[in-house]
Amino acid sequence: MPELLLELFSEEIPARLQRRAAEDLKKAVTDALVEKGLVYESAGAFATPRRLALTVTGLPAASPDTREERKGPKVGAPQQAIDGFLRAAGLSSIDQAKVQSDEKKGDFYVAVIEKKGAPAIEILQDILPATVKSFPWGKPMRWGAGRLEWVRPLRAIAATFGPEGEEPDVIEFEMGAVTSGNTTYGHRFMAPDAIKVRRFDDYVQSLEKARVVLDIDRRKQIIKTDAEQLAFAQGLELIVDEGLLEEVAGLVEWPVVMMGSFDEAFLKVPEEAIIATIRANQKCFCLRDSSTGKLANKFILTSNLIAEDDGKTIVAGNERVIRARLSDAKFFYETDLETPLADNLPKLEDVVFHAKLGTQAERVARIEKLAAEIAPLVGADVEDARRAAKLSKADLPTGMVGEFPELQGLMGRYYALAQSEKPQVATAIEEHYKPLGPSDRVPTEPVSIAVALADKLDILTGFWSIDEKPTGSKDPYALRRAALGVIRLIVDNRLRLPLGRFVSDPDLLSFFHDRLKVSLRDSGARHDLVDAVISSDSDDILQVVARVNALGSLLAAEDGKALLAGYKRAANILTAEEKKDGRVYADPIDAARLSTPEEKSLATAIEQARTAVTARLENDDYAGAIAVLASLRTPVDAFFEAVLVNDPDAAIRANRLNLLASLRDTMHLVADFGKVAG
């Protein structure tokens with residue numbers, strides 16, 4: 001079957017946009033093909049710095065014929081309705097419609113619309129230019145006198161279509177000054193000549209000969225493998241950086257990996273600063289000594305060409321730039337060390353955190369107060385928590401953090417240790433930002449926990465107080481991340497921390513509940529179980545998690561499943577009878593009216609269970625309370641097998657309904673089983 005090959009050849013596409021752009025191209029074209037009735041077998045999209053490419057295989061030569069019946073107005077309807085029907089159906093006269101009869105609605109018009117299929121190449125001539133014109137670049141540009149917008153100047157378009165074994169046709173269209181054809185170009189420097197392309201397979205092979213690796217994942221693998229081999233040969237290990245690897249693979253079409261070095265004297269600078277400097281300025285990878293684990297004074301660079309001098313000039317140029325940048329980093333570090341962190345605090349008075357929430361200095365004061373309140377609850381020394389909170393933002397005015405904002409907190413720890421602050425205080429300065437995401441480490445030191453919680457709770461309560469809350473997908477202040485951070489700090493460290501003590505806004509507490517549901521769902525818990533155990537005033541995160549886990553264990557067992565079924569049956573009966581009787585059944589059980597052994601047994605079991613469940617919940621033994629409920633399975637099953645709830649005797653019936661209400665209310669002491677699916 002025919003195959004489509006499309007390549008959009010341009011000036012360099014920013015690395016961060018390439019992978020998404022390739023997927024956008026595939027989606028736009030394949031969606032349009034399917035909409036036109038051209039069903040395909042497979043599609044693949046690719047990107048290099050200078051091209052987006054798409055292949056779609058198994059396309060039919062033409063779209064199928066279609067036949068559609070479109071229902072119209074009744075016979076005798078107003079002319080206005082008939083005219084609208086004719087326009088929509090593409091008919092020139094009502095005589096072209098047929099009349100159908102309906103026993104209830106009478107006669108009405110029906111238009112039979114038949115469309116002949118079109119050759120696929122004609123459909124592609126419409127689809128491809130429309131795709132290019134409407135491509136979702138964030139910030140496209142125009143160049144020259146043309147009106148076409150693209151991320152960078154578009155230089156050529158290759159578009160072919162045809163079956164295997166035959167010379168494919170060119171899909172002819174124009175985009176500004178660029179006319180489609182069957183020509184592409186190789187590597188800008190090593191093979192810049194034009195290349196005639198036919199089908200995807202020979203296109204890829206031709207590009208390889210012209211020093212272009214089309215697949216970004218293959219370029220990544222080449223860079224990683226060659227870098228690891230170079231490092232291994234010198235007793236070093238590559239510091240793998242997935243984000244940098246993705247970026248570098250988007251900067252080169254023919255990756256050539258080399259190694260450079262820098263002066264060992266720079267290793268006195270914190271390694272994170274060295275890595276950040278080399279990464280940010282030269283897009284190079286750092287290395288560690290395999291035997292010691294310490295940072296080595298060497299780096300890996302990736303060139304986009306095979307140099308005549310084996311890359312000596314390229315390596316020397318990178319070394320020269322890195323030397324200059326590391327000199328700057330060393331200067332920042334040594335200069336920052338000369339100023340005690342505490343001396344930076346007055347500078348925070350001039351840094352606005354938020355127009356409605358004051359300066360960074362005011363924020364630090366709030367964090368300090370909160371950390372002191374939280375410290376005893378998490379086993380932290382109050383004065384250490386105060387000190388760490390006070391210095392938590394003191395590295396923001398430093399030269400190193402000014403140059404590399406991603407090092408905030410980390411540089412604070414280095415400076416604090418160098419200035420003889422307590423180790424736990426220094427650690428808390430670094431860790432109070434954590435966790436920054438689901439894969440980030442959660443602090444475990446008590447002082448770090450206290451300051452991290454204080455920092456996040458201040459952000460949340462502050463923005464809630466000025467009504468700046470997340471809406472839809474918008475969360476400019478990362479409040480969802482902050483709430484999840486609080487939850488992870490509490491859960492991972494097994495903390496019994498009453499959030500209600502620090503969160504007075506019910507809406508904010510509800511926001512925590514929503515984030516907790518997300519967190520538990522991501523860890524495999526059922527969302528309905530979270531709904532069952534959580535209430536509007538639940539402020540003990542660890543307790544909620546424990547209850548969800550215990551409830552999940554109960555319902556995974558046969559006793560739990562049977563008990564849930566019995567609960568649902570009891571609840572359904574109560575709901576129906578209360579609605580019918582216009583009353584709520586909640587009266588005490590009349591023991592004298594319990595006439596069968598099964599209802600007597602159930603009444604006794606419920607009474608014993610209520611007492612035991614209440615006692616266990618008071619002792620915070622939720623798992624024990626769940627186990628007590630499990631014991632109700634047998635008497636509940638026996639009751640429903642032997643007892644008719646709606647007894648002809650009204651008093652006996654009412655008593656049995658009160659018995660079911662007692663069962664329901666006892667189970668609700670543990671969880672709202674009505675919210676449990678199943």
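Biologist: Which residues does M400 touch, leaving aside neighbours within four places in sequence?

Modeller: M400 is in contact with V269, A273, A329, F332, Y333, D336, L407, M411 and Y415. Contact means heavy atoms within 4.5 Å. A word on the source: this is a predicted model, where local features need pLDDT of at least 70 and side-chain atom pairs count only at pLDDT 80 or more, while totals for chains, interfaces and linings use all residues. Residues are numbered from 1 along each chain as its sequence is written, and side-chain values use heavy atoms, with hydrogens and water left out.

Biologist: OK. Which residues touch the most other members in the largest nonpolar core?

Modeller: M400, L453, L460, F512 and L551 do, in a core of 136 residues. Helix 14 gives the most to this core, with 12 residues. A nonpolar core here is a set of buried Ala, Val, Leu, Ile, Met, Phe, Trp, Tyr and Cys residues joined through side-chain atoms within 4.5 Å. Buried means under 20% relative accessible area, exposed means over 50%, and partly exposed is in between, using a 1.4 Å probe and protein chains only. Helices are DSSP runs of H or I with at least four residues, strands are runs of E with at least two, and both are numbered from the N terminus.

Biologist: What lies apart from that core?

Modeller: Another core, of 37 residues. L59, F135, W137 and I157 are among them. In soluble globular proteins, nonpolar side chains tend to be buried together.

Biologist: Back to helix 14. How does it pack with helix 15?

Modeller: Helix 14 (residues 446–465) and helix 15 (residues 479–492) pack at about 140°, and their axes are 9 Å apart. Axes are lines fitted to C-alpha atoms, for helices over the stretch in contact, and angles run from 0 to 180 degrees between N-to-C directions.

Biologist: Which residues meet there?

Modeller: From helix 14, A452, L453, K456, L457, I459, L460, F463 and W464. From helix 15, L479, A482, A483, G485, V486, L489 and I490. They divide into 13 nonpolar, 1 polar and 1 charged. For that count, Ala, Val, Leu, Ile, Met, Phe, Trp, Tyr, Cys and Pro are nonpolar, Asp, Glu, Lys and Arg are charged, and the others, Gly among them, are polar.

Biologist: What joins strand 7 to strand 10?

Modeller: 2 bridges, and those strands run parallel. Strand 10 covers residues 178–181. I157 stands opposite S180 there.

Biologist: How many residues sit between the strands in the hairpin of strand 7 and strand 8?

Modeller: There are 6, and G165 takes a positive phi near 90° in that hairpin. Strand 8 (residues 169–170) runs antiparallel to strand 7, joined by 2 bridges. T160 has V170 as its bridge partner in strand 8.

Biologist: What is the strand order in the open sheet of 3 strands?

Modeller: The order is 4-6-5, with antiparallel pairing. Strand 4 (66–74) and strand 5 (98–102) are the edges, each pairing on one side only. The twist averages 35° from one strand to the next. Helix 2 (residues 79–89) packs on the sheet and touches strand 4 and strand 6. Its direction makes about 170° with that of strand 4.

Biologist: Now E253. Is that buried or exposed?

Modeller: E253 is buried, with a relative accessible area of 3%. E253 lies in the loop between helix 6 (242–249) and strand 14 (256–261). Beyond four places in sequence, its contacts include R50, R51, R211 and R219.

Biologist: Last one. Where is G235?

Modeller: In the loop between helix 5 (216–233) and strand 13 (236–238). G235 is partly exposed, with a relative accessible area of 35%. D289 is 54 residues away from G235 in sequence, yet their C-alpha atoms are 6.5 Å apart.

Technical notes: Two strands pair if DSSP finds at least two bridges between them.
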